[in-house]
Amino acid sequence: VDVVERAISEVLTGARAKPRKFLESVELQFSFRDYDVQRDKRFSGSIDLPNRARPNLKVCILGNAQHCEEAARLGISFRSVEDLRKLHRNKKLVKRLLKSYHHFLASQDLITHIPRLLGPGAGIRKFPSVVSLTDDLEAKVAEIQSSVKFQLRKALNLAVAVGTVSMSSGELRSNCLLAINFLVSLLKNYWNNVKRVHMKSTMGKPVVIFK
């Protein structure tokens with residue numbers, strides 16, 4: 001824990017010494033050992049962190065009248081059914097919409113109509129998550145921005161954003177400890193599969209946490 005706190009302090013001090021014109025993310029970088037990506041099962045898992053890890057993640061509501069009204073009141077981006085119809089299933093316009101946001105939420109009564117409104121190839125990778133009339137929209141968006149996913153592909157390393165340099169040391173510490181412990185729990189031999197862990201801001205130097 002002390003190592004994590006020292007790393008956070010060093011990362012935040014470096015970021016504040018050279019402020020950027022954008023909000024820098026703070027990420028954890030992991031390298032693994034004794035793991036055969038061909039033979040061993042490639043792990044994958046998501047976890048909701050205590051504090052918003054990615055506040056800049058753009059979320060859009062594809063909503064019915066109630067959800068559009070609530071989104072407008074909360075300052076959350078939204079598109080109504082009429083807005084979607086105006087796209088006329090035009091591939092370029094639909095693609096532009098999909099590229100404008102990282103994640104979509106859709107009203108429960110609209111979810112099955114999305115392919116018809118946007119066209120058959122409406123970005124399957126960004127297919128909306130369902131939001132019901134009883135869900136708290138603001139809490140749903142916060143949940144998405146707090147969620148991080150760990151997925152091992154072909155390389156024996158991965159990086160994941162756990163916060164930003166605008167967060168307090170305590171908030172980053174909570175996020176980092178939960179993220180690290182969760183990732184280790186996904187590994188076949190736990191810490192024995194971890195070679196190195198670094199922390200860094202977007203433009204900062206890596207700081208060693210474990211090696």
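Which residue in E5 does leucine 62 stand opposite? The answer is given in point 2, after a remark on the model.

1. The model is predicted.

2. Leucine 62 stands opposite alanine 106 in E5. Strand E3 (residues 59–63) and E5 run parallel and are joined by four bridges. Both belong to an open sheet of four strands with parallel pairing, in the order E4-E3-E5-E6. Strand E4 (77–80) and strand E6 (129–131) are at the edges and have a single partner strand each, so one side of each is left without a neighbour in the sheet. On average, neighbouring strands of this sheet are turned by 30° against each other, direction ignored.

3. Across E3, E5 and E6 lies H6, which runs at about 150° to E5. Helix H6 covers residues 137–146 and supplies at least two residues of the lining of the largest pocket.

4. A further open sheet of four strands has antiparallel pairing and the order E8-E1-E9-E10. Its edge strands, E8 and strand E10 (207–210), each pair on one side only. From one strand to the next, the twist averages 25°. Strand E9 (residues 194–201) and E10 run antiparallel and are joined by three bridges; in this pair, methionine 199 stands opposite valine 207 in E10.

5. H1 lies across strand E1 (25–32), E9 and E10, and runs at about 165° to E10. H7 lies across E1, E8 and E9, at about 25° to E1.

6. The side chains of glutamate 5 and arginine 173 meet at 2.9 Å, N to O. Glutamate 5 is in helix H1 (residues 2–17) and arginine 173 in helix H7 (residues 169–186), 168 residues apart, so that the pair links distant parts of the chain. With a cut-off of 4 Å between side-chain nitrogen and carboxyl oxygen, the count comes to one salt bridge.

7. The largest pocket has a volume of about 570 Å³. It is lined by 18 residues, of which Ser46, Arg54, His103, Ser147 and Lys149 are the closest to its centre. By class, the lining has six nonpolar, six polar and six charged residues.

8. Which strand gives the most to this lining? E7 does, with four residues. Strand E7 spans 147–151; strand E2 (44–48), strand E5 (103–107) and strand E8 (157–164) are among the other elements that each supply at least two lining residues.

Conventions. Residues are numbered from 1 along each chain as its sequence is written. This is a predicted model: local features need pLDDT of at least 70, side-chain atom pairs count only at pLDDT 80 or more; totals for chains, interfaces and linings use all residues. Side-chain values use heavy atoms; hydrogens and water are left out. On a 1 Å grid over the protein atoms alone, a cavity is a set of points where a 1.4 Å probe fits but cannot get out, and a pocket is an open set with protein on both sides within 12 Å along at least five of seven lines; lining residues have an atom within 4 Å of a point. Grid points are joined across faces, edges and corners, and a volume is the space filled by probe spheres set on the points. Ala, Val, Leu, Ile, Met, Phe, Trp, Tyr, Cys and Pro count as nonpolar, Asp, Glu, Lys and Arg as charged, and the others, Gly among them, as polar. Two strands pair if DSSP finds at least two bridges between them. Axes are lines fitted to C-alpha atoms, for helices over the stretch in contact, and angles run from 0 to 180 degrees between N-to-C directions. Contact means heavy atoms within 4.5 Å.
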